Amino acid sequence: IGANFAMCLSDIRSRLGITPVAVHWPVAEGTAELALIDVLERTLVRFDQTSAGRLVTKHEVPVEHRPVLDSARRTLLEVLAEQDDEILTAYCAGGDVSAPVLRAALRRATLARRAMVVTAGSALRNVGIPTLLDAVVDYLPSPADLPALLGHEPATQKEVRRERSDDAPLTALAFKTVSDRSGTLTYLRVYSG
């Protein structure tokens, strides 16, 4: 209640200094309707409650929500046209750009840190979680996309470079330690090994 998706996008732009690109847009914010507009696919994604959990279905975008879709898609195309020659060519020609081409351009912009893909949802109501997970797979870097790690050998403090591989020696970062009555637990981010 009280959430405003457009204001969140504005806050991302001003506070983080990066261009947000919405790939999903919430429908009827603050109401009982549980749906998102998929800007790339131009569909309405509904999250209906069933006895087995949430059923995710795709529908045609209703007429009353088309202005939101058109505005969000135009913004997405303008942001990507500034950063990608393939999108710029299609945008200037007035042609349509397919969803796979837009996904590839968004991934390149995300990996280059020139744009931030934004999706919408509610973990409490289990709305938008499947679309969020799909966005993680589609746009965020996998370990194979990232350069070799630069770190220090613990015993000698010698600087080492390690490839992200299961075959390389263990490389990890301990980022949190929790102590309670059952003992001490250290959380590690494993990079290789």
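Predicted model: local features only at pLDDT ≥ 70, side-chain atom pairs only at ≥ 80, totals over all residues.

Q: What caps the N-terminal end of helix 1?
A: That is Asn4, with a side-chain oxygen 3.1 Å from the backbone nitrogen of Ala6. Past the other end of the helix comes Gly17, with a positive phi near 70 degrees.

Q: How do you know that the span of helix 1 is close to the expected one?
A: Helix 1 has 12 residues and reaches 16 Å from its first C-alpha to its last. At 1.5 Å a residue, the expected value is 16 Å.

Q: Which residues of helix 1 are buried, and why are they said to lie on the same side?
A: The buried ones are Phe5, Leu9 and Ile12. They cover an arc of only 55 degrees around the axis, so they sit on the same side of helix 1. This buried set packs against strand 1, strand 2 and strand 6. On the face turned away from it, helix 1 carries the exposed residues Ser14 and Arg15.

Q: What makes up the largest nonpolar core?
A: This core has 21 residues, and those with the most contacts inside it are Phe5, Leu9, Trp25, Ile37, Leu44 and Phe47. At least two of its residues come from each of helix 1, strand 3, strand 4 and helix 2. Apart from it lies another core, of 18 residues, including Val21, Leu40, Ala115 and Tyr139. As a general background, nonpolar side chains in soluble globular proteins tend to be buried together.

Q: Which residues does Leu44 touch?
A: Leaving aside residues up to four places away in sequence, Leu44 touches a list that includes Val27, Ala35, Ile37, Thr57, His59 and Val61.

Q: What makes strand 3 covered on both faces?
A: Ala35 and Ile37 are buried on one side, and Leu36 and Asp38 are buried on the other.

Q: How do you know that strand 3 pairs with strand 2 and with strand 4?
A: Pairing takes at least two bridges, so the bridge counts settle the matter. Strand 2 and strand 3 have 3 bridges in the antiparallel sense, and 4 bridges join strand 3 to strand 4, again antiparallel. Asp38 is the bridge partner of His24, and Asp38 also stands opposite Thr43 in strand 4. In the hairpin of strand 3 and strand 4, with 4 residues between the strands, Arg42 has a positive phi near 55 degrees.

Q: Why does Thr110 get the label buried?
A: The relative accessible area of Thr110 is 14%; the cut-off is under 20%, so Thr110 is buried too. Thr110 lies in helix 4 and touches Ala115, Val117, Tyr139 and Leu140, not counting residues up to four places away in sequence.

Definitions and conventions. Residues numbered from 1 in each chain as written. Heavy atoms only, no water. Buried < 20%, exposed > 50% of the residue type's maximum accessible area, 1.4 Å probe, protein only. Contact = heavy atoms within 4.5 Å. Core = buried A, V, L, I, M, F, W, Y, C linked by side-chain atoms within 4.5 Å. Expected span 1.5 Å × (residues − 1). Arc of directions from axis to C-beta. Polar contact = N/O pair within 3.5 Å; in protein donor to acceptor, adjacent residues only side chain to side chain.
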